[in-house]
Amino acid sequence: MSFRAPELSRRAVLLGLAAATASGLAQPALAIGPMANVQVPAAYRFKLGGFECTVVSDGPLKLGTFSAEMFKGISQERIDQILAANFLDKTNFTVDQNALVVNTGGKLVLVDTGMGFRKVYGPRTGHLLSNLRAAGIDPAAIDVVALSHGHPDHVWGLVGEDGKPNFPNAQIYITQADLEYWTDEAKLSDPALGHYIGPIRDTLLPLRDRMVFLRDGQDVVPGVQALSTPGHTVGHTSFVINSQGSSLVNIADLGHQPMLQMENPRAEFARDTDPTQGVTTRLRVFDMVANQKIPILAYHFPWPGIGHVAKRGDRYRYVAVEMQTVL
Ligand SMILES: [Zn+2]
């Protein structure tokens, strides 16, 4: 026996909405408090083999407008088509910030730290610490902070406005290449990068004695392995997480907008330090995860940033995973 859903016309839906609105107006609202006007805590927890993982948001980051200058190799006309087909606003290129906590049972690892207290990319960033606490994770309990790269939205959250480390007991893993590049005094006068370099130096250099340099293939802790994925920055690193036969690749910033970049993986992203190398690396990692059917976590993809990459000819398709409401 099959159940047949009643057919709904757009007109019927609109009439229904109108009726609901009219009755809502006719009757006083029932026992409702004031609107909160703030977002509820954003954390999403899931199991990966024997590990417990929690994605924790630092809040949305405004990058500007979608343009052919940002995604070189896609025409503005095609960008506009893709945006329209995906209900995206051309004037509002905003990305999520999905930091990942991995509890291996022995160690607590945080991958990337958000913007911290600085509001360079809009007012809604800087929520990592409050969201960690809301998820029951004490920042002082973090053993390892693994940094995918040296950009502000990944490292500035290491330190509070008072100059004190937000993760006081953590060892910090970053590549030597990224540390040197993004704290380079000579770049302070660089017209494009200069205004980032000072605060990055202020953040990273005082923590130097707690840093360990990441190497390709190295286990940050057992089950969390560094994978060198340069291009977005000189030392950009992904993390392969493995437990009891289950895997996830945290691709960090190999992509920023799944609808545009999965369909156009050869488009060069203007914010990559080496856009050509960025394309080569993106294709290598997308091929790997597509062929092996390993889910990814992308720092900037729509919350919580976990999905599969499917190969379609010489392009890809991003399929967000279904989220479980109960662990
Ligand atoms: Zn980023």
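The largest nonpolar core of this predicted model has 46 residues, and those with the most contacts inside it are Phe 71, Val 145, Leu 158, Phe 167 and Leu 204; such a core is a set of buried Ala, Val, Leu, Ile, Met, Phe, Trp, Tyr and Cys residues joined through side-chain atoms within 4.5 Å. Helix 6 (residues 194-204) gives the largest share of this core, four residues, where helices are DSSP runs of H or I with at least four residues and strands are runs of E with at least two, numbered from the N terminus. Because the model is predicted, local features need pLDDT of at least 70 and side-chain atom pairs count only at pLDDT 80 or more, while totals for chains, interfaces and linings use all residues. Residues are numbered from 1 along each chain as its sequence is written, and side-chain values use heavy atoms, with hydrogens and water left out.

- Leaving aside neighbours within four places in sequence, Phe 167 is in contact (heavy atoms within 4.5 Å) with residues including Leu 110, Leu 128, Pro 139, Val 145, Leu 158 and Arg 210.
- A second, separate core of 23 residues includes Val 111, Tyr 173, Leu 214 and Ile 306.

**Thr 183**
- Thr 183 lies in the loop between helix 5 (176-182) and helix 6, and it is buried, with a relative accessible area of 10%; buried means under 20%, exposed over 50% and partly exposed in between, for a 1.4 Å probe and protein chains only.
- The side chain of Thr 183 reaches the backbone oxygen of Leu 179 at 2.5 Å, and, not counting residues up to four places away in sequence, Thr 183 touches Ile 200, Arg 201, Leu 204 and Leu 205.

**Zinc site**
- Asp 153 (OD), His 154 (NE2), Asp 253 (OD) and His 300 (NE2) coordinate the zinc ion at 2.1 to 2.2 Å; donors are N, O and S atoms within 2.8 Å of the metal (3.2 Å for Na, K and Ca), and sites may look incomplete, as water is not among the atoms.
- The site of the zinc ion is irregular, with angles of 87 to 171 degrees among its four donor atoms.
- His 154 in helix 4 (residues 152-155) and Asp 253 in the loop between strand 14 (246-252) and helix 7 (258-263) are 99 residues apart and link distant parts of the chain, and both are buried.

**Helix 2**
- In helix 2 (residues 76-85), Ile 79, Ile 82 and Leu 83 are buried.
- These residues cover an arc of only 100 degrees around the axis, which puts them on the same side of helix 2.
- Glu 77, Ala 84 and Ala 85 are exposed on the other side of helix 2.

Methods
A polar contact is a pair of N or O atoms within 3.5 Å; within protein, one must be able to donate a hydrogen and the other to accept it, and residues adjacent in sequence count only if both atoms are side-chain atoms. Four donors count as tetrahedral if all angles lie between 85 and 135 degrees; four count as square planar and six as octahedral if opposite donors are over 155 degrees apart and all others between 65 and 115; anything else is irregular. The arc is that of the directions from the helix axis to the C-beta atoms.
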